[in-house]
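Below is a short report on one protein chain. It begins with local detail and then turns to the whole chain.

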Amino acid sequence: MNSYFLKDFFNSLNNNNVKYCVLRNYQLLPESTGGSDLDILINKKDSKKFIEIVSKTSQNHGGDIISFIASDICPRICVLGKKGNGWGVMIDLHYDEISYRDYTILSNTTVWENTFEHNGIFALNTKSDALIGLFKELLNNRTCKEKYYTDFKNLALDEVFLNNVFNSVNKPEIVDVLLQCKESSYSEKELTRLVKALDFYFPKKRLARIKKISKFSRLFKQPGFTIAFLGTDGSGKSTIIENLNKPLYSAFHKAVYYEHMRPNKFPSISSLLSNKEESTGPVTNPHGSKPSGFLGSLIRWSYYLLDYTFGFYIKVWPKKAIRSCVWLFDRYYYDNLIDPKRGRINLPSWILKLGKLIIPEPDIILCLGANAEVIYKRKPELPFKEVERQVEELQKFCRTNKRATWIDTGKDINESISDSLEVIIRVMAKRFESVNFTSKV
């Protein structure tokens, strides 16, 4: 529940005289963001103080800044905490004015003139919100849903208001274009008219290409992460992943991707041979199929190694390199070392260890385990000796891998979830601890 953070956060902004304006989706604040990210505009001169408040407030609630995308115009901040059942917030920070395509739509003066107080929080009024909603969709996507068009007509189609907005940014000509909406209704023809007019008055600039190139600078401090969850059947993987998903979903604003075992860019061998989708449900008999022979195992291992390498760099890496996101892997390549029978692979350990050196390593590896007797009681699908062996192998792997952390799942599940969140927050925040949050990356 992010209300812990939100209440203290807005109180701190108010008490420290940081002038701010929530741009949209303010109705449920400060209790909740309503499943949305938090769009806030401030004066750029207050950026350092603002970031300090975000950092300090999040730490007061068992959290930290875990992802950051710098920008001179609209930085992005992701915050994750473990208080309660875990919480997360994504903040899109706007400086001084609201602009699209590097054109000012709402000047700094206009923003503050249209700011009002709601539940002790300062927000942009619905008239201005409806205007920027329409412009954002049309300028960025060259179309818009009917809701944005209707909201603009019902709330912002005011000649005095529009003249005030666009005279302040030296674009008075656009007012007549917008006023024609009074006599029109939502249609493809109407959207085409508006897009054509906006393209004329707000043409794309070459600078936008330079900004795309600047995304490559994020590679040095990637805003995205990969997390692998390892553990025998009955170790609590599914429960912990399910409970971590909600705070991560909020922190990364829905950019949470789930994969079983591997990137799955390439289809499974079974689906290639039988045209049937690979089952992703619970496995009730993990050793039910006999391992392939040496040649068959080598082919199987080599094929899936392509997915762990090329599939990863095609599917996973591009997003995590430039976007605030997280990929959750239920199991990973290391399962081939701990439980090769499950993947029907019968190869010498040196070959399997070679693959470990080739594949991209997850940013965070959580090894979930408990006493073998506890796990066996939960899921007696394998012989006790085999469960005991797998737990020992996982512990050995965890001790020898710097990115791996052992999570005891033999205790209360809420404690295990909290321990997992604590590790995730600590590792993610460490990547950005040396970043100058107020400068452009």
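## Two hairpins

N119 has a positive phi near 55°. This residue belongs to the hairpin of β8 and β9, with 2 residues between the strands. Strand β8 covers residues 115–118 and strand β9 covers residues 121–124. They are antiparallel and share 4 bridges. H118 has I121 in β9 as its bridge partner. Strands here are DSSP runs of E with at least two residues, helices are runs of H or I with at least four, and both are numbered from the N terminus. Two strands count as paired if DSSP finds at least two bridges between them.

β6 and β7 make a hairpin too, with 2 residues between them. In its turn, R101 shows a positive phi of about 55°. Strand β6 takes in residues 98–100, and strand β7 residues 103–106. The two run antiparallel and are joined by 3 bridges. S99 sits opposite T104 in β7.

## Basis of the model

This is a predicted model: local features need pLDDT of at least 70, side-chain atom pairs count only at pLDDT 80 or more, and totals for chains, interfaces and linings use all residues. Residues are numbered from 1 along each chain as its sequence is written, and side-chain values use heavy atoms, with hydrogens and water left out.

## The parallel sheet

Five strands form an open sheet with parallel pairing, in the order β11-β12-β10-β13-β14. Its edge strands are β11 (256–260) and β14 (404–408), each pairing on one side only. Neighbouring strands are turned by 20° against each other on average, direction ignored. Axes for such angles are lines fitted to C-alpha atoms.

β11 pairs with strand β12 (residues 326–330) in the parallel sense, over 5 bridges. H260 stands opposite D330 in β12. In a regular strand, side chains alternate between the two faces of the sheet.

## The whole chain

The protein chain contains 17 helices and 14 strands. Its C-alpha atoms fill a box of roughly 80 × 50 × 35 Å along the principal axes. Of the 441 residues, 49% are buried, meaning under 20% relative accessible area with a 1.4 Å probe, protein chains only. Among contacts (heavy atoms within 4.5 Å) with a separation of 6 or more, 73% link residues 24 or more positions apart.

The chain exposes about 21,600 Å², and carbon and sulfur atoms supply 51% of that area. Areas come from the Shrake-Rupley method with a 1.4 Å probe. There are 64 positive and 49 negative side chains. Lys and Arg count as positive, Asp and Glu as negative; His and the chain ends are not counted. The centres of the two sets lie 5 Å apart, with each charge placed at NZ of Lys, CZ of Arg, CG of Asp or CD of Glu.

Definitions and conventions: Buried < 20%, exposed > 50% of the residue type's maximum accessible area, 1.4 Å probe, protein only. Axes fitted to C-alpha atoms, helices over the stretch in contact; angles between N-to-C directions.
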